[in-house]
Amino acid sequence: SFQGTCIGSSGINAEYGDLASKHIRFASVLNTNSQGSGSFALQKAVVQSFLHNYDDAIFVLDRAAGLDPSPSQYILLGKTYLKAKRYSEAVDNFEKALMYLRRCRSTAIPISGSGEMDYKSDLYNLGKNPKVLRQEMPKSAAEVYFLIGKCHVESGNYTSALEALNSAIRIHPAYAEAYFQRGLVRIWVKSQRPLLDFNRALAYNPDYFQAYLTRAAYFGMRGRYSKAMFNCNEALRIQPNSVRAYLYRGALKYEIKNYELGVEDLSSAIKLDPLCSIAYYNRAVCYQHLKKQKRALNDYGIVLLLEKELNQRVLLNRGLLYYQSEDFNNALVDFKLAVKDSPDNALLYHTLGLCYHRNNELKKALESLTKAMSLKEHFTQAYISRGNVYVSLNSSEGYKKSKRDYCRALHYDPTNLTAHTNLGIALQSYGKMNEAWKQFTAAIHIDEKCCSALEARSIVNLQMGHLFGAFCDINTAVNLNPTSTMLTNRGVIQQYMKDPTNAMSDFQQAIAADPKYSLAYFNAANLYFNMRIFEKALRYYDLAVIHSKDDEGAVLNRAIAKVLLKDYEGALVDFDAAIKLNPFAAHSYFNRGNLHLTMGQNALAEEDYRKALSLQPNDSSSYSQLAVALGRQFKKVEALDNYKLAIKLNER
């Protein structure tokens, strides 16, 4: 009998199926009169089912059932229909099998007018009386009801599925699989009692792997992570090489923010199945939270290689990771691919615009942000981002457009702190201090703890000469968020208030908060420089340059400190480096000219002063020093002319 066997396997190819068919045919020829070898037709149907040739298998089995109807024939036919995803026909055959099973216990079989057995007339009436059901149906009928339940589940008819599974359990009260399946159905219909069924399934079968894993998922969905992990542990006890169990336990450890242990479980899953893309993806997310960016990028890359189609979520995550690492070129590649896959996604275009902006591709940034606004009406953040791009254009036209975008953002969302703050910064950059101050104040009224607005207003107060107001604002910001930037800014304000002791204290706190923050070293060096402690100033300028090699100001000030310490060669190297960083800074050429003059290199000094004057033509100091350099070269007439120009410029 084939009752209870599972036919069909995706692991057998056509070549081996043909070989199996030949062996079965050979066996049937040798054992034609032998009852043990079974029917050749049925065996051929089994092979066809293995090969997924379900129509051929159904044809053979249907014909066999017509010639010799029996429960096993209908069960096998029903299972084949189930494999073929023809659920209604599968249910019909399982119901026929039930009626034949019932005939084993009762001779009263309903007959239709056509003379055929009426197998549907009172089939489910049996389920209304559990005692009758247990008496009239054999235990093997429980599996048939279970299979009917599975058919109804697959077709989405959960009410009928529950009825069939209830019948299976009434016939066979210790049927673990039926309890498990009923628990799943109760989850789908949002019943309050699915856990009871999983518990019963495990009570009857303590090694039921799938029940432990499903119960873990159930607890995980409800945030009961300790119980979920306990069930994952039990599942792994039963199947130590289960990829799914390691995957789910790794996900649970991610949820409780234990990323290191999550990585361990996901790595175990990858060892068991090196082609499991979801394990690589989840591990990449854990690495991202652990700030291990290179490993995260490596895993995201593997996911994209393993999957046939581009995974948009992977592209977005990897793009954001590149963006955070300031690798904007690679970020743009990922975001462009994501946009191709989802051309109507406004958020994607907004992100692409931000990336273009950071990569200094302002025209493309404006195009992407404008596209985002066309896809999503009243997209406040896109207006703010486009306003930021217009500010970066550094033109009067850009200023007007940025102001317009910020105002539109405030029209759609009057309480948007970013819009108020950015509008204030734009106004401040164009010298409209009072209007900027009003915007920052409006943001602070909306949220008294808005640190960015407090910091910006303190800078405006400083520029307007309101030192006490500036100190109050920056002090509030530091108390709310004592970052290295805030502490440095407070130190600068205290320096303006002629309080060098507290200023230096703030700079030292900023360095302690972020030892790589170059601006704190730079300001501390400037303070030591003003106090004429040049050795310490030089040490801090060195640290500032180490942490920010492109900081022209730090390199230039270090050169001046070296001049005062009479390290002329070192100073000359720094002046050259500063000019290389910014070849359009007139003061760099002026200072290098002074050094050349000190070193007696008058011709080189003259060259530097002339370069400084070409960049800044009305600088009286440059004319005066140029006159000195010319005088030392005995160019008296030209020197006198330059002195006269310097005097005229001073008189103005």
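**Start with the rings**

Select Phe146 and Tyr175: both are buried. Keep in mind that this is a predicted model. The two rings make a tilted aromatic pair, with 5.4 Å between centres and 40 degrees between planes. Zoom out and you'll see that the pair links distant parts of the chain, with Phe146 in helix H7 (residues 141-154) and Tyr175 in the loop between helix H8 (158-171) and helix H9 (176-188), 29 residues apart.

Next, pick Tyr528 and Tyr540. Their ring centres are 5.5 Å apart and the planes sit at 35 degrees, so this pair is tilted. Tyr528 belongs to helix H29 and Tyr540 to helix H30, and both residues are buried. For a cluster, select Phe180, Phe198 and Tyr208, which are joined by ring pairs.

**Charges over rings**

Now show Lys371 and Tyr349: the charged end of Lys371 sits over the Tyr349 ring, 5.9 Å from its centre. Then try Lys376, which lies over the face of Phe379 at 4.6 Å from the ring centre.

**On to helix H31**

Select residues 552-564, the 13 residues of H31. Colour the buried residues of the helix, among them Val555, Leu556 and Ala559. What do the buried residues of H31 pack against? Show helices H29 (518-530), H30 (534-547), H32 (568-581) and H33 (586-598) to see these partners. Finish at Lys566, which follows H31 and has a positive phi, near 65 degrees.

Methods. Residues are numbered from 1 along each chain as its sequence is written. This is a predicted model: local features need pLDDT of at least 70, side-chain atom pairs count only at pLDDT 80 or more; totals for chains, interfaces and linings use all residues. Side-chain values use heavy atoms; hydrogens and water are left out. Helices (H or I, at least four residues) and strands (E, at least two) are DSSP runs, numbered from the N terminus. The expected span of a helix is 1.5 Å times one less than its number of residues. Buried means under 20% relative accessible area, exposed over 50%, partly exposed in between (1.4 Å probe, protein chains only). Contact means heavy atoms within 4.5 Å. Rings of Phe, Tyr and Trp (its six-membered ring) pair if their centres lie within 6.5 Å; planes under 30 degrees apart count as stacked, over 60 as edge-to-face and the rest as tilted. A charge sits over a ring if NZ of Lys or CZ of Arg is within 6 Å of the ring centre and within 35 degrees of the ring normal.
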